[in-house]
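Open the model in your viewer and keep the sequence panel beside it. This tour goes stop by stop, saying what to select and what is there.

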Amino acid sequence: MAKVTFFPGKKTVEISEGTTLLEAAIAAGIQLESTCGGRGTCGKCKVQVEPGKLDSHKDYGNKFLSESEKEEGWVLACKVQVQEDLTVQVKDQQKDAHRRKTGLDQSIDVEVNPSVEKHFLQLSRPTVADQTPDWDRLVAALPNQATLFNRRIAVNLPNVFRDANFQVTATVAGDSLLAVEGGDTTQRSYGLAIDIGTTTTVVYLMDLNSGKAVDSDAVTNPQRVFGADVLSRITYASKGPEQLKQLQTLVIEGLNKIIEGLCKNNQIRREEIYQAVVVGNTTMSHLFLGIDPTCLGPAPFIPVFRQSVQVEALELGLNILETGHVVVVPNVAGYVGADTVAVMIAAKVDQLPGYTLAVDIGTNGEIILAGGKRILTCSTAAGPAFEGAEIKYGMRAADGAIERVKIIDDVELAVIGNTKPIGICGSGLIDAIAQMAEAGVIYESGRIVNVPEDLAKLPPKIQERIRQGEGGFEFVIAWGKDSGSGEDVVLTQKDIRELQLAKGAILAGIKILMKEMGIGLEHLDRVLLAGAFGNYISKESALQIGLLPDVPVEQIKAIGNAAGNGAKMVLLSKEERKKAVTLAGLSEHLELSTRSDFQDEFIDALAFER
């Protein structure tokens, strides 16, 4: 056994020899960036090991390290197997940008009618003449006489009744009794709308009486340390029950930390949160419930379940009322999940006139095309490029991330937090490549310009930014003298290819859905961009690179965290909960991998042309 101590924070963990530093960090509860899941291909999990402890002749991810970093003892945590006690310095983790907490002030169009109801009851006291059991006395006063017996509530019922002089509040949901509280507590009733994204988890604390959002918080999904994409996590979960449990525990613990903060900030007891509605892609729904997602990985991509699921909070360890209900919204298919159904609910795609295209751009690209009394869906393997993963200087939308790029005679940047840039997030990546294409820095094929006569057409300062790198040509977005790390921030040819593959997959998926629906561009009435990412990308840049079909820019509308808003609506309305089941059942899923025409559409969609 060996001990590893991580700084800052001085967290020590004891591990078996041969364990990687990345695995040690996970055991210590330290969230290192590791978008490749520890395969050594992303170069994100840099840590500094005390001098003289490692073999200087071994490769600890050298291609991702500068000469100065190597001299100072920086390594990739996934490349170091611990053989003795170590002291490790972790880079300061950038705080996630507050801009991700979208949706708190977004209005949702829903009639408040939650399944959770509170009833203040003034019960008669038992007498020799009235020997009705406490449970029967309670149920007789409720609107639903078929309320099911709950042993855990019955345990304390005599004390609750008599301490409150038989004046109590019963909380019910359908035929389930959730709680019995002394006195009149009808004015305090809360629920959670939870959106578990592959990259980001968002929680909204909702007042079930008013239907208003009280507060919200968002964190990076703690499972991300096992990879930025769902396939990496499916692969890890498939190793055995212990790994599956580890993934579930990570997401539950992450949610519980958020819940604790929301309760503390708003003077709410966790026992006053009676229900949680959860959405996420199909893999996230499985992992949240602790259900093996292994068969989602290979074709034919079969989930264990598709229907809506309801369990008690205690069963999952979610820190709300123990008998409270946790409702997981139904999925459509292996790669079109509850979050896509929630987007349908929030956007009301079944009620809009004409044809509506809705795209949720993230680690996966889920696409909805609704109209003509049909709802078509598909999912494209967009990869994590839009989240900044697998991009050399890619990062989340945090302080120091380049989010806007403009190229005229030189490069102009907008950086989150108004600080020096250290990397580039998804919206900045799309902007940068769109501007590079428009300025002539890259050809329609995506190749960086390097032919002398083509270089000569560019402004002098732009020419200086094109250079030969270790893996081919690259373009300097920010010079080291202007960056927060002292390093040049560059876009490599590989970075451009990653973005090309991602945007090509999404556009090809859109074209396949339109073909199946039998419509052309002229029939599209609106294009809705769902997700926090959709809120911040430039519509013009998305059109410039061919991420979206060539429609007038005024037809494109960002609708914010529609998945989160849909979760709110399901939480607040019994009717919307029923509609979620209906829409999931009506949706026609197209499996793109079985389409003979997908590859042709994909190849056509790779070019940077409108």
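**Stop 1**

Start with the open sheet of three strands, in the order 19-18-20, whose pairing is mixed. Strand 19 (411–415) and strand 20 (423–424) are its edges; each has a single partner strand, so one side of each lacks a neighbour in the sheet. Strands here are DSSP runs of E with at least two residues, helices are runs of H or I with at least four, and both are numbered from the N terminus. Two strands count as paired if DSSP finds at least two bridges between them.

Now select strand 18 (residues 401–407) together with strand 20: they run parallel, joined by two bridges. Within that pair, find Ile402, which stands opposite Ile424 in strand 20.

A note on the source: this is a predicted model, in which local features need pLDDT of at least 70 and side-chain atom pairs count only at pLDDT 80 or more, while totals for chains, interfaces and linings use all residues. Residues are numbered from 1 along each chain as its sequence is written, and side-chain values use heavy atoms, with hydrogens and water left out.

**Stop 2: the whole chain**

Zoom out. The protein chain has 18 helices and 26 strands. Its radius of gyration is 27 Å, close to the 25 Å that the globule rule gives for 610 residues, so the chain is as compact as a globular protein of that length. The radius is taken over C-alpha atoms, and the rule is 2.2 Å times the number of residues to the power 0.38. Along the principal axes, the C-alpha atoms fill a box of roughly 105 × 65 × 45 Å.

Colour by burial next. Of the 610 residues, 57% count as buried. Buried means under 20% relative accessible area, exposed over 50%, and partly exposed in between, with a 1.4 Å probe and protein chains only.

**Stop 3: strand 12**

Is strand 12 (residues 273–280) enclosed or open? Eight of its eight residues are buried, so strand 12 is largely enclosed by the rest of the structure.

Show its partners. Strand 9 (residues 190–196) pairs with strand 12 in the parallel sense over seven bridges. Here Asp195 stands opposite Val279. Strand 14 (residues 325–328) also pairs with strand 12 in the parallel sense, over four bridges. Look for Val278 opposite Val328.

**Stop 4: a hairpin**

Select strand 21 (residues 466–469) and strand 22 (residues 472–478), which pair in the antiparallel sense over four bridges. A hairpin of two residues joins strand 21 to strand 22. Pick out Arg467, which stands opposite Glu474 in strand 22.

**Stop 5: Ala505**

Go to helix 13 (residues 493–517) and click Ala505. At 5% relative accessibility, Ala505 counts as buried. What does Ala505 contact, leaving aside neighbours within four places in sequence? Show Thr380, Ala381, Phe598 and Phe602. Contact means heavy atoms within 4.5 Å. Then draw a distance from Ala505 to Val553, 48 residues along the chain: their C-alpha atoms are separated by 21 Å.

**Stop 6: Asp134**

Finish in helix 3 (residues 134–140), where Asp134 is found. Asp134 counts as buried, at 14% relative accessibility. Not counting residues up to four places away in sequence, Asp134 touches Leu157, Pro158, Phe161, Arg162 and Phe166.
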